[in-house]
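Hi everyone, thanks for making time this morning. I'd like to walk you through some side chains, starting with the aromatic ones.

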Amino acid sequence: MSWGFVPKHGTQRYKSAIQLMQEAAGVISLGGGFQAYFTQNRDGSVLPWKVEPMIEVGKFVRERQKYCQNSEPIPQIALYFSKEDFYRRIPKLYGGWEWGDYIKGLLFALLDNQKPVQVMSEHHLSGNYSKYPLIVLPNMLYIEEREKRNLLDYAKSGGNLLITGINSAVLFKQDLDFEITADTLETKGFFLEYENKFSTISGPYKKVILPANATEMGWLYSANMPRNPKYPAGMIMPYGKGKIGFIFTDIGLHYFNGSSSKLRDYLNAFVGKLFPDPVVEVKGSHYIDVTLNKIGNKKIVNLINTGGHHNSSVVDVYDEVPSLYNVNVSIKCDSKPKKVTLVPGDKKVNFTYKNGKASVLIPELKIHSLLVVE
C-alpha cells in the first residue's frame, strides 16, 4: 500500500499520478496488488479530486496485469533477514523498523546494481537454500547454530555465500579457521581501496588475518593513499564445492546512510565473482530496479525506472520521471526464444541470440517496462 499523500507540517501534500505509478511499478513487479490510501471526510466520503490520479494509475496497472499477477520469482539472490537476529536488536514489541537500516542498505545496493533479489527469512529458505546461486548476509549480531550449519552446508554443496560486517565474520571465524583480533578499531572513516579506487567507509572493524587459501578483495587505510598500516577489507575463499566471500565492514548500513557509487561497485565486484552467470543482466543505467519472474514457461523481466525525486527528503510531490535510454538486457535461455515481447503494448522486439543468451536493446524506458521471453 502507498500513501496517496505526503504528510508535512500538519498538512497533506497529495501525490501526482506519475509518482503513484512509479510506486505501483515496484509492487506489481513482485506479483502483488497495488492500493493507495487517501483520507476521507468525517462522513466517510472521499473528495473526488483526491483520488482522480488513480484513474491513470489504474490504467497503468491494468496494462501490465497479465504479466505481473500470479507470476513467480526466479531465484537468483537471497538477502538473508534473520528473524532471531532482528528480534534481538529492536527495543520494543511494535515498531523499531529503523533498526533494519543495515539490511535496507544492502537491498538498495544490490538493486542499484540491477540484481534481482529476494529478502528471505529462515523459514523462507528452509528446504530452498540450493535454489539460490547466491545468499547475502547482512551485519548480524546473532545466528542460531542450526542456521549457521545450514548456510555452511549450502556453500559446501556448491552454493555461494557473501557475509558482510565484522560482527557476522566473528560468528563464522571458528568454522572457517581464520583469525580476528579481539580489539575493535572504532573509526569515523576508513579509506577503502579496491582496484585503485578509493571510498570512505565507517563503522567498527577488527583486524583480520586472511587464511592462505583466500583471495583478498581490497584494503582499508587510515589515509586516502596506499600506505601502511593497511587492513583487509574483504576476501573470497573456497569452501567445499562453493565459495564464501566476506566484506569486513557494515557496507549495508553505510550505504543506507549515504549511498556511494564506489561502494555499490565494490559490492558488485563480490557478486560478479561469486555469481558470474546470472539469468539476466541489465546495462545502461544504475537507475533501474530489476525483478525476474516466470509464468509457465515464460521468463518475465521487469525494468523499473527509479530516477527522479522519489528518494529526496526535500521534494514531496513530483510529476516527472526522466526517461532512460539505450538499456541493454541479456537473458539466459536454454534455446533460442520463439519471440520476445515488450510490455505494455505487446510489441514484438528484435533480439540476438548468441552463446545461450537473448539480447535486447530498449531505446527508451519511461517508468516500467516488461520483457516477456517465450
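Let's begin with Phe 246, which is buried, at 0% relative accessible area. Keep in mind that this is a predicted model. Which strand holds Phe 246? Phe 246 belongs to strand 18, residues 242–247.

Now for the aromatic pairs: there are 18 of them in total. One is formed by Trp 3 and Phe 5: their planes meet at 85°, over the 60 degrees required, so we call the pair edge-to-face, with ring centres 5.4 Å apart. Trp 3 is partly exposed, at 46% relative accessible area, whereas Phe 5 is buried at 5%.

Back to Phe 246, then. Phe 246 pairs edge-to-face with Phe 178, at 5.2 Å between centres and 65° between planes. This pair links distant parts of the chain, since Phe 178 sits in the loop between helix 9 and strand 10, 68 residues away from Phe 246. Phe 178 is buried too, with a relative accessible area of 5%.

There is also an aromatic cluster, whose members include Trp 3, Phe 5 and Tyr 14.

The charged end of Arg 64 is placed over the ring of Phe 60, 3.7 Å from its centre. Likewise, Lys 230 lies over the face of Trp 219, 4.3 Å from the ring centre.

Last stop: Asp 112, in helix 6. Is Asp 112 buried or partly exposed? Asp 112 is partly exposed, because its relative accessibility is 22%. Beyond its sequence neighbours, Asp 112 touches Tyr 255, Arg 264 and His 286. With Tyr 255, the Asp 112 side chain makes a side-chain polar contact of 2.7 Å.

Terms used:
Residues are numbered from 1 along each chain as its sequence is written. This is a predicted model: local features need pLDDT of at least 70, side-chain atom pairs count only at pLDDT 80 or more; totals for chains, interfaces and linings use all residues. Side-chain values use heavy atoms; hydrogens and water are left out. Helices (H or I, at least four residues) and strands (E, at least two) are DSSP runs, numbered from the N terminus. Buried means under 20% relative accessible area, exposed over 50%, partly exposed in between (1.4 Å probe, protein chains only). Contact means heavy atoms within 4.5 Å. A polar contact is a pair of N or O atoms within 3.5 Å; within protein, one must be able to donate a hydrogen and the other to accept it, and residues adjacent in sequence count only if both atoms are side-chain atoms. Rings of Phe, Tyr and Trp (its six-membered ring) pair if their centres lie within 6.5 Å; planes under 30 degrees apart count as stacked, over 60 as edge-to-face and the rest as tilted. A charge sits over a ring if NZ of Lys or CZ of Arg is within 6 Å of the ring centre and within 35 degrees of the ring normal. Lists of a residue's contacts leave out its neighbours within four places in sequence.
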